[in-house]
Amino acid sequence: MTRARGSTDAADPQTAATAAGREPTRRPRAERGPGTAATRLRRILAVVPYVIRHPGVRLRDLSALFDLHENDLAQDLNLLFLAGVPPYGPGDLIDVEIDEDGGVWIGMAEYFARPLRLTRAEAMALYLRGKALVGSTGVEESAAIGSALAKIEQELGPDTLGALAGRVAVGGTPRHEATLQVLRAAIRDQETVAVEYYAAGRDELSSREIDPEQLFTAIGNWYVVAWDHHSGEERTFRADRIRSVTGAGKRFERRGLAGAGRPLYSPTVSDVRVRLLLAPAARWVAEYYITESTRERADGRIEVLFPARDLEWVVKLVLRLGGEAEVLAPADLRERVRDAAEQTLRRYRRGPKQG
């Protein structure tokens, strides 16, 4: 079998397509391009292990399997020639080859055969994220992941894990697990569901119908991305705040809503623009929430401008920050914060009610 070095044939995606016995596939110019560095890295991390397990897999089949354009895939494979360790000799770099039939072959440098060595911080992060995955309903690899995590737990030892050993679990209450199961089935079957949802910012329980499309975890919580019939807009709901969920008996067409990696808040045209002045101890607000602009002041404080769907949760945020935040706009938000602070102070002075 004759193989064509990827550094020549794979360097030109059109040549790679021709080598596979096909006419070069062309796309409109607006659709071309390999994407951002982060996007390409995610693709490579997914494709490389598959090719190693399936040597000789056709470029065309890889393209269909990973839903990638062949030109982008060929460019990603060619990029692997830059991966390696000093002194970057032939034995230190990843080797990619595409044969005359379009078969893809990846040869790994020797250092990939060495056992993976993690720092304690890396091992702990892997352990906690693995526990979160095992706690997810419907993960088919749970047994294998659980076995791997048991080994990590053993290697970390009680001095590192302390009271966490054998006790870390993610998934929530049985009701929460049942909610996730119903949502997963609704996403799979494209079924509209009726939910009762508690909005913590407004301290309000509402009933609505949603078309769920994505379910993902972020910052320790499960979120469902759906089209909300009540508002007529895309919404992201925290799954643990869904008090009840049932099928509505009707189907919906997917709108292509984004899932994991998306911002947890989606601004709308009806949002109120809030401007706060934050002391250094409250700078985390500018990093945690989506902001439209930030401006540093000479005294170390920063002005932040961000969108808010309603002002109730902003009132609670400002009260929680105490004297570390000052409301600059809108004016009615300042009044709401002042009224809420005075009401809280009056309740505090009265003390608890006597039974």
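Which strands does helix α10 (residues 312-321) lie across? The views below, taken from a predicted model, start from the sheet and end at the core.

**View 1. Four strands make an open sheet.** The strand order is β11-β12-β10-β13, and the pairing is antiparallel. Strands β11 (293-296) and β13 (325-329) form the edges, each pairing on one side only. On average, neighbouring strands are turned by 25° against each other, direction ignored.

**View 2. Strands β10 and β12 run antiparallel.** Seven bridges join β10 (residues 272-278) to β12 (residues 302-308). R273 stands opposite P307 in β12.

**View 3. Helix α10 lies across β10, β12 and β13.** This answers the opening question. The helix spans residues 312-321 and runs at about 150° to β12.

**View 4. Helix α11 lies across β10 and β13.** Residues 331-350 make up this helix. Helix α11 runs at about 145° to β13.

**View 5. The largest nonpolar core has 21 residues.** V274, L276, L278, V304, V314, L321 and L333 have the most contacts inside it. At least two core residues come from each of β10, α9 (284-288), β12, α10, β13 and α11. Helix α10 gives the largest share, five residues. In soluble globular proteins, nonpolar side chains tend to be buried together.

**View 6. L321 and its contacts.** L321 is one of the core residues with the most contacts inside the core. Leaving aside residues up to four places away in sequence, L321 touches L278, A282, W284 and V285. Of these partners, L278 is also listed among the core residues with the most contacts.

Key: Residues are numbered from 1 along each chain as its sequence is written. This is a predicted model: local features need pLDDT of at least 70, side-chain atom pairs count only at pLDDT 80 or more; totals for chains, interfaces and linings use all residues. Side-chain values use heavy atoms; hydrogens and water are left out. Two strands pair if DSSP finds at least two bridges between them. Axes are lines fitted to C-alpha atoms, for helices over the stretch in contact, and angles run from 0 to 180 degrees between N-to-C directions. Contact means heavy atoms within 4.5 Å. A nonpolar core is a set of buried Ala, Val, Leu, Ile, Met, Phe, Trp, Tyr and Cys residues joined through side-chain atoms within 4.5 Å. Buried means under 20% relative accessible area, exposed over 50%, partly exposed in between (1.4 Å probe, protein chains only).
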